[in-house]
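The following exercises concern a two-part model and proceed from overall dimensions to single residues.

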Amino acid sequence: MIDRLKLYCNTNQLAILRDFLTKTLQDTGMGDIEKHQVILAVEEVCANLMIHSHLCNPNSFISVRAVLHEEEVVFEIVDMGQGFNILEYQEPELAEVVKTKRKGGLGIMLVKKIMDRIEFETNGQKNTCRLIKILKSK
Amino acid sequence: MLKIEFTKVNDHFILSLSGEIDASNSVDLDAAIQEILEQGAKKILVDGTQLEYISSAGLGVFMSYLEEFQEKEIQIIIFGLLEKVHQVFIILGLDKLISIKNTQEEALEAMA
């Protein structure tokens, strides 16, 4: 099963993304807590792209594709332009977040703790981030 | 959709969060905490019983105040989080930095 969503770079689109992800995950056999975490991880990547890569330009968009396999679910997040390589990003220490009163940095930390595998590729124009979660109970 | 309300009860403020906090509305949480601080709050109870979702944008708001709370000896306790939301705090280790209690009674008891 493959689901797709085109998401314009406005943070008010995040609720639409959550609805899309909720529907995508409903037949995966995942528990509610795990579903909640996967939705959060995908949202963190999308929000990050909207805000930092596309500066909330409502004319820009990102594409989210969810592919449900027997043993895993793959979320493919594609955007054009200046890429953000999540694998190269060094997230801050929690203590540093508190000390510097910075409001960012926690999102990528969440993504890396929640997802089982993260992939990133770019050709200089088109950037693809893949978030993979293994379906344990299937 | 997010609804934020706060009331002063005796010597503490109760900040009630209802709905979902994400990057589109975390500024509202920030503004509410700011307003409570301007009113001279020393004890803040955050009612999380109706909080369905919080992303890093909302968590970051709490984190950004922790140092100020410590400096000004302001106590903050979150109570009543749904298990799915509580787990997000645990994943990041925020439960070690912010006091989280199951019920309002427990939160009140824990207030010095």
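**Exercise 1. Decide how the radius of gyration of chain B compares with that of a compact globule.**

Solution. Step 1: for 112 residues, a compact globule would have a radius of gyration near 13 Å. The radius is taken over C-alpha atoms, and the globule rule is 2.2 Å times the number of residues to the power 0.38. Step 2: chain B has 13 Å, which agrees. Step 3: along its principal axes, the C-alpha trace of chain B spans about 30 × 25 × 25 Å.

A note on conventions belongs here. This is a predicted model, in which local features need pLDDT of at least 70 and side-chain atom pairs count only at pLDDT 80 or more, while totals for chains, interfaces and linings use all residues. Residues are numbered from 1 along each chain as its sequence is written, and chains are lettered from A and ligands numbered from 1 in the order in which they are written.

**Exercise 2. Describe the secondary structure and the confidence of chain B.**

Solution. Step 1: chain B contains four helices and five strands, where helices (H or I, at least four residues) and strands (E, at least two) are DSSP runs numbered from the N terminus. Step 2: their order along the sequence is β-β-α-β-α-β-α-β-α. Step 3: an unreviewed UniProt entry annotates residues 2-111 of chain B as "domain: STAS"; such annotations may be inferred rather than shown by experiment, and their positions are given in the numbering used here, with feature names shortened. Step 4: this span is 42% helix and 35% strand, and its end C-alpha atoms lie 27 Å apart. Step 5: the mean pLDDT of chain B (the predictor's confidence in each residue, from 0 to 100) is 96, and 100% of its residues reach 70 or more. For the complex, the predictor gives an ipTM of 0.93 and a pTM of 0.95.

**Exercise 3. Which residues have the most contacts inside the largest nonpolar core?**

Solution. Step 1: a nonpolar core is a set of buried Ala, Val, Leu, Ile, Met, Phe, Trp, Tyr and Cys residues joined through C-beta atoms within 7 Å. Step 2: the largest such core has 66 residues, and those with the most contacts inside it are A:Ala41, A:Val42, A:Val45, A:Cys46, A:Val64, A:Val111 and A:Leu131. Step 3: H2(A) gives the most to this core, with 10 residues. Step 4: apart from neighbours within four places in sequence, A:Val42 is in contact (C-beta atoms, placed from the backbone, within 7 Å) with A:Leu21, A:Phe75 and A:Leu131.

**Exercise 4. Why is helix H4 of chain A described as largely enclosed by the rest of the structure?**

Solution. Step 1: helix H4 of chain A covers residues 106-114, and seven of its nine residues are buried, so it is largely enclosed. Step 2: the buried residues are A:Leu106, A:Gly107, A:Ile108, A:Met109, A:Leu110, A:Val111 and A:Ile114. Step 3: their cover includes H2, helix H3 (94-100), strand S4 (117-122) and strand S5 (126-134) of chain A, together with H2 and H3 of chain B.

**Exercise 5. Characterise the side of chain B that touches chain A.**

Solution. Step 1: 21 residues of chain B are in contact with 26 residues of chain A. Step 2: helix H2 (56-71) and helix H3 (83-92) of chain B are the elements that give two or more residues to this side. Step 3: H2(B) supplies the largest share, nine residues. Step 4: by class, this side has 10 nonpolar, seven polar and four charged residues. Here Ala, Val, Leu, Ile, Met, Phe, Trp, Tyr, Cys and Pro count as nonpolar, Asp, Glu, Lys and Arg as charged, and the others, Gly among them, as polar.

Terms used: A residue is buried if 20 or more other C-beta atoms lie within 10 Å of its own, exposed if 12 or fewer, and partly exposed in between; C-beta atoms are placed from the backbone. Two residues are in contact if their C-beta atoms, placed from the backbone, lie within 7 Å.
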